[in-house]
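Please keep the sequence and the coordinates at hand while reading.

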Amino acid sequence: MASRPLQPLITAIGRVLLGKEQAVQLALACLLARGHLLIEDLPGMGKTTLAEALARGFGLSFKRVSFTSDLLPADLTGINVFDAANTRFHFQPGPLFSQVLLADEINRASPRTQSALLEAMAAGRVSVDGVSHPLPQPFLVIATQNGIDQVGTAPLPESQLDRFLMRLSLGFPNREAERALLGGAALPPASLEPFCDATGLLELQRQAATQHCSTALLDYVLDLAAFSRRADQPGPGLSPRACQGLVAAARAWSLLEGRDHVTPADVQAVLPAVADHRLQRDAAALLAGVDGLR
Amino acid sequence: MSRSARWLQILGLAVLAAGLPGLDYGSPLGWLSAGLLLLAALKLAEARSVQERRLVSLLTLIGCGVQGAQQPELLPSVLQLLGTGLALAGLLALEVGEGLSWRAVLRRSLAVLLAALPMALLLFLLVPRLDPLWTAPSLRGPGAAVTGLSADLDPGSIASLANDEAPAARVSFSSATPPDPQGRYWRVIVHERFDGRRWSRLDEPAKATVPPANAPSSAADQAGPSQVWLVEPSPVHALPWAGTGQGSSSQLRVSRNGELRRQLPGRERLAYLLRDVDRPQAWQQRPPTLVDLSLPAGSNPQLESLGESWRTLPQPEQRLAAAQAWFTSHTFRYSRTPGALPARRGLDVFLFERREGFCGHYASAFTALMRSAGVPARVVSGYLGGRWVQPLGGTPYLDLRQSDAHAWSEVWLPNRGWQRVDPSAWVGSSASNPVGVVGSAAAGSSKLEGWRLGMQWLQWQWWGLDLAWNRWWLGFDQASQEALLRRLFGDQRQGLGLVLLGGAGGLLALGLGWLQWLQTPERGDRLERDLHAVLRLLRRWGIEPAPGETFGQLCLRARERLPGRREALQELSRCHGLLRFARLNPTARARHWAAWRTALRTLQHSP
C-alpha cells in the first residue's frame with residue numbers, strides 16, 4: 001500500500017496535541033473535503049491548539065474570535081468606514097477575512113450573529129451595504145462550543161449544525177498522554193513548520209475530490225442512508241447533503257490513508273463525525289444494520 | 001444534459017450535410033435525405049429533453065442509412081461512416097456519457113460500430129441483391145446537361161475543337177494490365193441517321209434493349225476477368241464499353257445497335273462492372289436496316305459518284321479496301337482547327353478541296369462513302385486511348401478525359417457482322433490519338449503548372465483508391481452471391497432461410513454479448529461468487545462475519561484466529577479492496593484477479 005502522504009503533518013501535530021491522532025486525522029479530512037469543523041467539548045481540552053496547529057500546518061492566515069452575547073454581525077464581517085482624507089467610504093474587512101477562523105464558543109453569541117457566520121460559511125462571500133466581498137480561499141471555520149447545559153448560551157439549531165461537515169469531540173487524553181503533557185513534552189503550536197502552503201492545500205483538496213468511488217461503494221453509502229431512513233429508526237435519517245458530506249469526507253480520508261480509491265472502511269471511519277450531529281444520536285449504530293461485505 | 005452530446009450531434013449533422021451535394025435530387029430518395037437532415041437540424045435547435053435529443057441522433061442514423069443506399073462510393077461511404085460514428089457517440093454521450101470525456105465517448109461509439117461489424121458482414125454476404133428500388137422517372141428535364149459526348153455529330157459546323165481536359169471515365173481491369181493501345185476503343189453512341197450533314201442517333205424504345213450478354217450465366221463466367229467503370233455524369237443514356245462483356249446490374253441494357261445504356265440519365269457518377277465473355281454479342285451479328293444505307297441524294301454529289309464507282313467491286317471487303325486506298329493515296333491532314341464547312345456539299349468540300357479535319361470529319365466522310373458504295377455503315381463516337389495510371393495505392397486504371405473523345409465507323413460485312421474501321425488512323429499515327437497535346441493550351445506560369453500537376457497527381461491517387469473500393473463492392477454482385485451460396489450450401493437450400501435467421505441471431509447475440517462484456521469491466525458476479533466461497537470456508541473454521549463488518553475487517557479478525565493462513569487472508573483482503581473499489585486498467589485488473597484466485601486456492605487447499 002502506498003505511503004500516507006500527510007503522515008508527517010499528522011505526526012507533527014501529534015507533538016503539539018498529544019494523544020489525539022484520530023481526531024487530528026478527522027480534522028484534516030474535514031479540511032481536505034472543504035468542510036467546516038465544529039468541536040464540541042469542555043474548556044481546556046485543546047480546541048484552540050488544534051485549530052491553530054491546522055492553520056500553521058498549511059501556512060494559512062489564522063484569526064480567532066471569541067463569541068459573546070453582545071457580538072454583532074458587523075464585528076465579524078467588517079464595516080464601511082468613512083475616510084475623511086478622501087471623503088469616501090472604504091471597506092474595513094472583519095476577522096471573517098482569514099483562511100482559518102476559530103469561532104470560540106459559538107453558542108454564546110446571539111442567533112443573529114451565528115446566522116451571519118453560517119451564511120458566510122455557506123456562500124463563501126460577505127455582503128456589506130450591498131457590495132459583495134469574496135472570502136479568501138481556502139476558507140475553514142473551526143467553531144467550538146461548550147456543553148449546552150451551561151447558562152446563557154443559544155444552542156445551534158439542527159439546520160445550522162448541518163452546515164458543519166463534521167462535529168468532533170476531543171475528549172480527555174489518556175493517562176500516558178496526559179502524563180507527557182504535564183511533563184512538558186507538548187510543543188507550542190508556533191513551533192510547527194508548515195507542511196505546504198495554501199496552493200498546496202487547494203491542490204490536495206482537488207485531489208481529494210477526485211478520489212475514485214466505485215458503484216459498489218456508492219451503493220454502500222446509499223444502503224446506510226436507506227437504513228437510517230427506515231421507519232423503525234429514530235429521527236428523519238440522513239439527508240442527501242449528509243450523504244454528500246459522507247462521501248466527500250470518506251474521499252478525503254482515503255487520500256489520507258494513501259489510497260486512490262474509497263473503501264467502506266473509509267466511510268465507517270468518518271461516519272460518526274459526519275453523521276452524529278445531524279442525526280442527534282450515535283451514527284455508528286447504523287453500521288451494524290448494513291452488510292459491509294460487498 | 002451534457003454539452004458534448006450536443007456538439008457531437010452538430011458535428012454528425014455537418015458531416016452528413018457534406019454528403020448532400022452529391023445526391024441525385026431526381027430521385028425521391030435524394031429529397032428524403034435532405035428532408036431528414038433538415039428535420040434533424042430543426043429538432044436539434046429546439047430539443048430540450050433527452051427524448052428529443054435521442055430523436056436527433058436517430059434521425060441522423062436514418063439519414064446515414066438513406067445516403068448509404070444512394071451513394072456507395074468511397075468518399076461518401078467514409079463520410080457516412082463518420083456521421084454514423086458521431087451520431088452514435090452523441091447518443092452514447094446522452095445516455096451514459098455523464099462525466100465521460102469526448103475521447104472515451106468516441107472510443108465507445110467505435111466499439112459499438114465494431115460490434116455491429118459481424119452483422120454487417122453477414123448482411124453484405126447474404127441479403128439478396130436487389131436492383132435499385134427507386135426507378136421512378138427523373139424529375140429533371142433533359143436540359144440539365146453536363147459534359148459528355150453529344151447525341152448529334154455534326155463535324156462540319158465545328159470550326160475548331162477545344163481541348164477539354166474534364167474527366168470522362170475511369171476503368172480498371174482485373175488483370176491489372178491494360179488492353180493494348182489498338183484495343184482501347186470505348187464505344188458510347190451509335191449515329192445511324194444521316195441528313196447529308198448531321199449524324200444523329202436513332203431513337204429506340206427502351207423495350208428494344210436487352211441486358212448485355214443476355215445468356216444463362218455459368219460459373220466459368222464468374223471467374224473470368226472483369227472491368228470496373230466509373231463514369232462521370234453525362235447527359236446521354238449511353239455509357240462507354242468495349243462492346244462486349246456481361247453487366248452486373250439489370251440497370252444496364254444494350255440497345256439493338258450496341259449502345260450500352262443506363263435506365264436513367266443521372267447527375268451522379270455511375271459505377272458498373274462488366275465481366276469479359278468470349279461469346280460474340282448479339283448486336284454485332286444483328287443485320288443492318290435500311291437506315292444504315294440511307295444517304296440523302298444530291299447532298300454531296302462528288303462523294304456519291306466516287307462511292308458509286310466502287311459498286312462494281314463484288315465484295316464489300318474490296319470496296320472497303322478501295323476506300324482505304326483512296327484515302328491513303330491522297331494527302332489528308334489531321335487538324336483540330338479545320339474551320340467550318342459550308343452547309344451544302346460540306347463533305348464534298350472536305351474530301352476534294354480542303355482535305356484537313358479531325359476524327360469526326362473522317363468518320364463522317366468515310367461512312368457516307370461506304371453507304372454510297374452500297375455497304376451498310378454507321379458512325380460511332382466514344383473514347384479512344386486514355387492514360388494508364390498506376391497510383392501508389394489502389395488499382396491501376398485507365399483515365400479517360402473528354403479530350404480522348406473520338407469518332408470512328410462501323411461497316412457491315414455479311415459473314416463477319418459489324419466491324420470497326422477507323423479512317424482517322426489512315427492519316428498518320430499522331431493524328432488518331434489526340435492525347436499528345438495534354439495541357440499545352442493550359443500552360444501558365446511554371447509555378448501554377450506545378451500546382452496543377454500536383455493536384456492532378458493527388459487526384460489520380462484518390463481515383464485509384466476509389467476504383468479499388470468500387471471493384472470490391474461491385475465485384476460482389478448477384479451472380480457472385482449465388483456462386484457463394486452454392487459453394488456454401490450446395491444446391492439443396494431448403495433450410496437456408498432458417499440457417500440465415502439462426503446465423504444472424506447468433507451474430508447479433510455475439511455482438512451484444514461482447515458489448516455487455518465491455519460494459520461490465522468489474523465482472524462483479526465472479527468476485528461475489530468467490531467471496532461467498534471464502535465466507536463458507538471461514539464459517540467452517542468457526543469465523544462468522546459480524547454485522548456491518550467489511551471484508552477487510554473480517555480478514556483481519558480471521559488472521560488472529562488462523563495464524564497459518566495469515567498471508568492468504570491478507571492477500572485476499574488486499575485484492576478484494578482493489579478489484580471491488582479501485583479504478584484499474586485491464587492489465588492491472590487481470591493481475592489482481594490472478595492474485596485473488598491464487599490466494600483463494602491457497603486458502604482452499606491449506607490444511
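R345(B) lies in the loop between β12 (333-334) and α11 (346-354) of chain B; helices (H or I, at least four residues) and strands (E, at least two) are DSSP runs, numbered from the N terminus. Although R345(B) is not a glycine, its phi is positive, about 55 degrees. R345(B) counts as partly exposed because its relative accessibility is 28%, where buried means under 20% relative accessible area, exposed over 50%, and partly exposed in between (1.4 Å probe, protein chains only).

The model is predicted: local features need pLDDT of at least 70, side-chain atom pairs count only at pLDDT 80 or more, and totals for chains, interfaces and linings use all residues. Residues are numbered from 1 along each chain as its sequence is written, chains are lettered from A and ligands numbered from 1 in the order in which they are written, and side-chain values use heavy atoms, with hydrogens and water left out.

Chain B as a whole has 20 helices and 18 strands. Of its 607 residues, 46% count as buried. One of the buried residues is S172(B), so classed because its relative accessibility is 0%. S172(B) belongs to strand β2 (residues 167-173) of chain B. Leaving aside residues up to four places away in sequence, S172(B) touches S226(B), Q227(B), V228(B), T395(B), P396(B), Y397(B), L467(B) and R471(B); contact here means heavy atoms within 4.5 Å. Over chain B, 73% of the contacts with a separation of 6 or more are between residues 24 or more positions apart.

Chain A comes to twelve helices and nine strands, and 52% of its 294 residues count as buried. Its accessible surface is about 13100 Å², with 54% belonging to carbon and sulfur atoms. Among contacts in chain A between residues at least 6 apart in sequence, 76% join residues at least 24 apart.

Two loops of chain A have backbone features to inspect. T87(A), in the loop between β3 (78-83) and β4 (88-93), has a phi near 45 degrees, a positive value in a residue other than glycine. T87(A) is exposed because its relative accessible area is 58%. In the loop between β7 (131-134) and β8 (140-145) sits P138(A), which a cis peptide bond joins to Q137(A), with omega about -10 degrees.

How much area is buried between chain A and chain B? The value is about 1400 Å², of which carbon and sulfur atoms give 62%; buried area is the accessible area (1.4 Å probe) that two parts lose on being put together, summed over both. On the chain A side, H212(A), L293(A) and R294(A) lose the most area to chain B, together 40% of what that side buries. The contact takes 18 residues from chain A and 17 residues from chain B.

Across this interface the rule finds zero salt bridges, a salt bridge being a side-chain nitrogen of Lys or Arg within 4 Å of a carboxyl oxygen of Asp or Glu. The elements that give two or more residues to the chain A side are α9 (215-228) and α11 (264-279) of chain A.

Definitions and conventions
Accessible areas come from the Shrake-Rupley method with a 1.4 Å probe; for residues, only the protein chains shown count as cover.
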